[in-house]
Amino acid sequence: MKYETQWVRVSLRVGLIAFLAIALSGCATSAPVSKAPQRTDAVVLHELESIPGVSSVQLFGGVDGLPGQNSAGAGLVLEPGYVNDRSMLLDYVLKLLWSQDVVEPNTVVMVTMRSGDATAVPLDLIADGRALGLTNNGQVGFAIRSGQMTAHYGQWPGTAPTLPATLASSPPSASPTP
């Protein structure tokens with residue numbers, strides 16, 4: 001009887017060691033591999049700077065209040081006389097900001113646009129945002145809470161948008177050509 005009890009204990013120990021070895025080796029090989037960001041701020045900045053009629057771009061954002069709360073934003077300066085569809089431009093900029101996959105903007109995404117130079121008064125984008133079905137949550141420019149971004153553009157990070165054809169062409173002049 002003593003021999004049988006000892007045999008059971010040894011069998012249980014061997015079985016436990018084998019189980020742990022298999023379980024731990026399985027965990028080590030099946031752990032998720034962290035994915036390196038593909039849509040960095042530099043990529044988004046380059047795409048914004050490539051829009052005809054946009055003379056300069058500044059990206060901003062980061063920690064917004066408490067640690068772990070992040071915002072994202074872009075300030076665009078449009079060439080004087082820019083008359084392309086600002087709603088479409090706002091939509092494209094918001095999609096680009098939502099598509100970066102480095103830091104999730106979980107508080108607010110904000111866009112400002114100015115005409116002429118960076119010291120000009122920001123353009124009123126409220127009507128442009130409403131045309132997209134969005135509600136402004138800011139006082140300067142157009143700010144959207146992350147929940148509204150998710151509802152409108154899907155889970156973060158969003159799909160990288162392509163530049164709409166109407167924005168890809170040089171903007172028509174606001175003044176008639178002689």
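Which residue is the bridge partner of Leu76 in E3? In this predicted model, the partner is Met113.

Strand E2 covers residues 70-78. On one side, E2 is joined to E3 by 8 bridges, and these two strands run parallel. E2 also pairs with E1, in the antiparallel sense and over 9 bridges. E1 and E2 form a hairpin with 6 residues between the strands, where Gly65 takes a positive phi near 95°.

How much of E2 is buried? Buried means under 20% relative accessible area, and 9 of the 9 residues of E2 are buried, so the strand is largely enclosed by the rest of the structure. In a regular strand the side chains alternate between the two faces of the sheet. In E2, Asn70, Ala72, Ala74, Leu76 and Leu78 point one way, while Ser71, Gly73, Gly75 and Val77 point the other way, and all are buried.

Asn70 belongs to strand E2. With a relative accessible area of 13%, Asn70 counts as buried because the cut-off is 20%. Setting aside neighbours within four places in sequence, the contacts of Asn70 include Gly62, Val63 and Asp64, as well as Val103, Glu104 and Pro105. Asn70 and Val109 are 39 residues apart in sequence, yet their C-alpha atoms are 9.2 Å apart in space.

In soluble globular proteins, nonpolar side chains tend to be buried together. Here the largest nonpolar core has 28 residues, and Leu76, Leu89 and Leu94 have the most contacts inside it. At least two residues of this core come from each of helices H2, H3 and H5 and strands E1, E2, E3 and E4. Helix H3 gives the most, with 8 residues. Leu89 touches Ile51, Leu76, Leu78, Tyr82, Met113 and Leu167, not counting residues up to four places away in sequence.

H3 contributes Asp91, Leu94, Lys95 and Trp98 to the contact, and H5 contributes Ser146, Met149, Thr150 and Tyr153. By type, the residues of this contact divide into 4 nonpolar, 2 polar and 2 charged.

Definitions and conventions
Residues are numbered from 1 along each chain as its sequence is written. This is a predicted model: local features need pLDDT of at least 70, side-chain atom pairs count only at pLDDT 80 or more; totals for chains, interfaces and linings use all residues. Side-chain values use heavy atoms; hydrogens and water are left out. A nonpolar core is a set of buried Ala, Val, Leu, Ile, Met, Phe, Trp, Tyr and Cys residues joined through side-chain atoms within 4.5 Å. Buried means under 20% relative accessible area, exposed over 50%, partly exposed in between (1.4 Å probe, protein chains only). Helices (H or I, at least four residues) and strands (E, at least two) are DSSP runs, numbered from the N terminus. Contact means heavy atoms within 4.5 Å. Ala, Val, Leu, Ile, Met, Phe, Trp, Tyr, Cys and Pro count as nonpolar, Asp, Glu, Lys and Arg as charged, and the others, Gly among them, as polar. Two strands pair if DSSP finds at least two bridges between them.
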